[in-house]
Structures are given as structure tokens and as C-alpha cells.
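Take a look at the model below before reading on. Keep it open while you work through the points.

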Amino acid sequence: DSESKLQLVQRHIRAFPDFPQQGILFRDICPILKDPAALTAVIDLFEDHVRKNHQQLDLIVGLDARGFLFGPLLAQRLGLGFVLVRKKGKLPGTTVSVAYDLEYGKAEVEIQEDAVAPGQKVLLIDDLLATGGTLHAACELMEKLQAQIAGCLVVIELQELKGADKLKPHRVFSLLRY
Ligand code: PRP
Ligand code: ADE
């Protein structure tokens, strides 16, 4: 059942204090990828949520880099296509980009201009929601392409950083919250 799948996933997340810098408790999802049962559980739980809560989706949009680990598997389950939001400078052809602030400095995400057609309904996916800066920038990219945003999916939500508030009015679904 879904409770045992969630527990399986939870047992495959490790926490590393002070990585990549002092004061950050890094939530590492690598053990999920190493265990096929845990990875299947993640995709099962996302699939259940999407089938119950979303209709007529067109595309799954994954975020560089760890959104790429889960997004294509979910998209295949749902019979949907997958598109990539990448860090700047990685995608060929005409692209659209959005700059955003990190705790230190700035970053920029980018998508191919023809990746999503106007009016297409998309669900965004990443491994983890912290401040929400990354997913918020990806939502801005979707708006530039006139996509319809159905919501955001993450494995882990760090609740104290209030990323879900930053993403409002878009809905966030997380498997685990810390
Ligand atoms: C991590 C994580 C999310 C983002 C969340 O990625 O995978 O994409 O940070 O943080 P935010 O909600 O505060 O924006 P990171 O930027 O470390 O890059 P990576 O996926 O390439 O490792
Ligand atoms: N991305 C932003 N904050 C993170 C954290 N605490 N653990 C893993 N990835 C992150």
C-alpha cells in the first residue's frame, strides 16, 4: 500500500550535515536510485497522485539535474512526453531563459522555445523543494511559453523554507516533508 511505499522511500534518503556548506543539511536521494524497489515506489506514488488529481496533461517538465532522474520514468508510466529545463548554456537552438537568485549569487534556467506549445498542460518535477527559487523560475519559463501549469511534484519538501508559498498559486505535491 502507499504507506509502506512511503516508508520504503523514506528509508532511502540520507542526510549529510554541512554539505555543500556549513549549516546546510543535505538530503541525498542517491540510495533511492540504487534500489529498484525504492525507485519503483517513488514512481508508483507519483503516478497514483497524478491519476487521482490531474486530467488531460500533455507533458512532464523535469528540472536539471535531479528532476531528470524521476521525470522520464513518470512520463513513460503516464504515456506522456518529457521535456528538459536545463541550467543555462546546455541546450541547442532557440531558447528562452529566466534568471533567479540563489542563497549566494544567481543562476539561470533555460528551455527550448519549441519544447512546449502554447496552451499545453504541464506538470513540473524535481527531487526537492527548498526555497522554491528553481521551480519558480521554471514556472516563469512555462508562462513565457504560454503553457498551462497543472502543478509541481517533488520527492522532498523542506517545509521551513516555505517554497510552496513562493510557488503559489501553483500546487505542490511532495512525497516527504522535513
Ligand atoms: C537542488 C535541487 C533543486 C533545488 C532546490 O538543485 O535538486 O533543483 O536545489 O532548491 P530551491 O528550491 O532553493 O531552488 P541544485 O541547484 O543543487 O542543482 P543540481 O540538481 O544540478 O544538483
Ligand atoms: N537543494 C537545496 N537544498 C537542498 C538540501 N538541503 N538537500 C538537497 N538538495 C538541496
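This briefing goes from the whole chain to its helices, its ligands and some backbone details.

The model is predicted. Its chain has six helices and nine strands. The radius of gyration is 16 Å, close to the 16 Å that the globule rule gives for 178 residues, so the chain is as compact as a globular protein of that length.

**The whole chain**

- The C-alpha atoms fill a box of roughly 40 × 40 × 30 Å, taken along the principal axes.
- Of the 178 residues, 34% count as buried.
- Take the contacts between residues at least 6 apart in sequence: 57% of them join residues at least 24 apart.

**Helix α3**

- Helix α3 covers residues 36–53, which makes 18 residues. From first C-alpha to last, α3 reaches 26 Å, close to the 26 Å expected at 1.5 Å a residue.
- Which residues of α3 are buried? They are Leu39, Ala41, Val42, Leu45, Phe46 and Val50.
- Seen down the axis of α3, these buried residues fall within an arc of 160 degrees, so they line one face of the helix.
- Several elements cover the buried residues of α3, including α1 (2–10), α2 (30–34) and α4 (67–78). Strands β7, β8 (148–157) and β9 (172–177) are also among them.

**Helix α4**

- The 12 residues of α4 should span 16 Å at 1.5 Å a residue. The end C-alpha atoms of α4 are 16 Å apart, which agrees.
- Gly67, Phe70, Gly71, Leu74 and Ala75 are buried in α4.
- Down the axis of α4, its buried residues fall within an arc of 130 degrees, so they line one face of the helix.
- These buried residues pack against α3, β3 (59–63), β4 (81–87), β7 and β8.
- Just after α4 comes Gly79, with a positive phi of about 70 degrees.

- Is Ala138 buried or exposed? Ala138 has 27 other C-beta atoms within 10 Å, and 20 or more make a residue buried, so Ala138 is buried.
- Ala138 sits in helix α5. Leaving aside neighbours within four places in sequence, Ala138 is in contact with Val61, Leu63, Val85, Val109 and Leu124.
- Ala138 and Gln76 are 62 residues apart along the chain, and their C-alpha atoms are separated by 21 Å.
- Pro31 belongs to helix α2. Pro31 counts as partly exposed because it has 14 C-beta neighbours inside 10 Å.
- Beyond its neighbours within four places in sequence, Pro31 is in contact with His12, Ile13 and Arg14. Pro31 and Arg14 are 17 residues apart in sequence, but 7.6 Å apart in space, C-alpha to C-alpha.

**Around ligand 1**

- The shell around ligand 1 has 14 residues, and Ala65, Ala130, Thr131, Gly133 and Thr134 come nearest.
- β7 (121–129) and α5 (133–144) each supply at least two residues of this shell. The largest share, four residues, comes from β7.
- By class, the shell around ligand 1 divides into five nonpolar, five polar and four charged residues.

**Around ligand 2**

- Which residues are around ligand 2? They are Ile24, Leu25, Phe26, Arg27, Leu128, Ala130 and Leu158.
- Strand β2 (residues 25–28) gives the largest share of the shell around ligand 2, three residues.
- This shell has six nonpolar, no polar and one charged residues.

**Backbone details**

- A cis peptide bond joins Phe19 and Pro20, with omega about -5 degrees. Pro20 lies in the loop between β1 (14–17) and β2.
- The peptide bond from Lys168 to Pro169 is also cis, with omega near 10 degrees. Pro169 lies in the loop between α6 (163–167) and β9.
- Gln56 has phi near 55 degrees, a positive value in a residue other than glycine. Gln56 lies in the loop between α3 and β3. With 7 other C-beta atoms within 10 Å, Gln56 is exposed.
- Lys162 has phi near 60 degrees, also positive in a residue other than glycine. Lys162 lies in the loop between β8 and α6. With 14 other C-beta atoms within 10 Å, Lys162 is partly exposed.

Key
Residues numbered from 1 in each chain as written. Chains lettered and ligands numbered in written order. Predicted model: local features only at pLDDT ≥ 70, side-chain atom pairs only at ≥ 80, totals over all residues. Near = placed C-beta within 6 Å. Nonpolar A, V, L, I, M, F, W, Y, C, P; charged D, E, K, R; others polar. Expected span 1.5 Å × (residues − 1). Buried ≥ 20, exposed ≤ 12 C-beta atoms within 10 Å, placed from the backbone. Arc of directions from axis to C-beta. Contact = placed C-beta atoms within 7 Å. Rg over C-alpha atoms; globule rule 2.2 N^0.38 Å.
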